[in-house]
Amino acid sequence: MFNLEGKVALISGAARGQGEIEARLFAELGAKVVIADLREEEGKQVANSIGLEKAMFCELDVTSRKSWTAAVQAAQERFGELNVLVNNAGIVCTGSIEHQSEEEYMVVVRVNQLGTYLGMQTAIPALRAAGGGSIVNIASNAANRGAMNSNAYVASKWAVRGMTKTAALELGKDKIRVNSVHPGVINTAMVQWDKYSEEQKQAVVGNFALPRIGEPQEVATMVAFLASDAASYSTGAEFMVDGGAIAGNAHTAFKE
């Protein structure tokens, strides 16, 4: 079993949802964790429940370079260095390409795409100073295909996929690995799975190779693996956590 002993990780969007689960797992595996988010009350509650000897909250607006710089500095001041960055924060705003406004489109791009870019850019000096490290960018299986009425989200996640590969090429010499994780339908507040009828749930996941919704812990485990030394020869790669959704339609049958 891999561990994160001796690692210091900064996780954006960690006050709730998938990011919170990642932060809790990282701490369980031995890491010190910076819970970075705009949700101060929830973030502090997560840090307190993990234990302030292993976790701290830091307010972070991922669209602001100044905010990112402060978060990286806070991690170094509190825990001595920074070894892992998880660009987890992300939003969805639905709308067709015909009707979605420029303003709505750019809100998603600024959080999902620019936020990831600024996170990597500001963390690089700290990771280099620590002798290397790992960046894990949370993309989506929507970074490998299209999705109806999700143009801004899909575009931003394709961008994250490309930035990850480019950063891996640029940073390998510094012993900094950069990988992307591509979740599918995951049981978080963003998805609101409990509001779906059984028929709707079947329509969403019934054709997957693993015909069920994914759980945040399953994504967090992949993220933790990539943050660990167990993934020491993996960089510039895409790691799917989508129940085989991208593999194809498990119910498709062809008659000879």
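So, what covers the buried residues of helix 5? The cover includes helix 4 (102–129), strand 5 (133–138) and strand 6 (176–183). When I say helix or strand, I mean DSSP runs numbered from the N terminus, H or I of at least four residues for helices and E of at least two for strands. Buried is under 20% relative accessible area, exposed is over 50%, and partly exposed is in between, with a 1.4 Å probe and protein chains only.

Quick caveats before I go on. This is a predicted model, where local features need pLDDT of at least 70 and side-chain atom pairs count only at pLDDT 80 or more, while totals for chains, interfaces and linings use all residues. Residues are numbered from 1 along each chain as its sequence is written, and side-chain values use heavy atoms, with hydrogens and water left out.

Back to helix 5, residues 151–171. Its 21 residues reach 30 Å from first C-alpha to last, close to the 30 Å expected at 1.5 Å a residue; that expected span is 1.5 Å times one less than the number of residues. Among its buried residues are Tyr153, Val154, Lys157, Met163 and Leu171.

Now the helix pairs. Axes here are lines fitted to C-alpha atoms, for helices over the stretch in contact, with angles from 0 to 180 degrees between N-to-C directions. Contact means heavy atoms within 4.5 Å.

Helix 1 (residues 17–28) and helix 7 (residues 216–227) have axes that come within 9 Å and cross at roughly 50°. That makes helix 1 oblique to helix 7. For the cut-offs, under 35 degrees is roughly parallel, over 145 roughly antiparallel, 65 to 115 roughly perpendicular, and the rest oblique. On the helix 1 side, the residues meeting helix 7 include Gln18, Ile21 and Phe26, and their partners include Pro216, Val219 and Ala227.

Take Val219, which sits in helix 7. Is Val219 buried or exposed? Buried, with a relative accessible area of 0%. Leaving out residues up to four places away in sequence, Val219 touches Gln18, Glu22, Val181, Pro183, Ile186 and Val241.

Then there's helix 1 with helix 2 (residues 40–50). Those axes come within 11 Å and cross at roughly 20°, so helix 1 and helix 2 are roughly parallel to each other. Here Glu20, Ala23, Arg24 and Ala27 of helix 1 meet Val46, Ser49 and Ile50 of helix 2.

That's my tour; have a look at the model.
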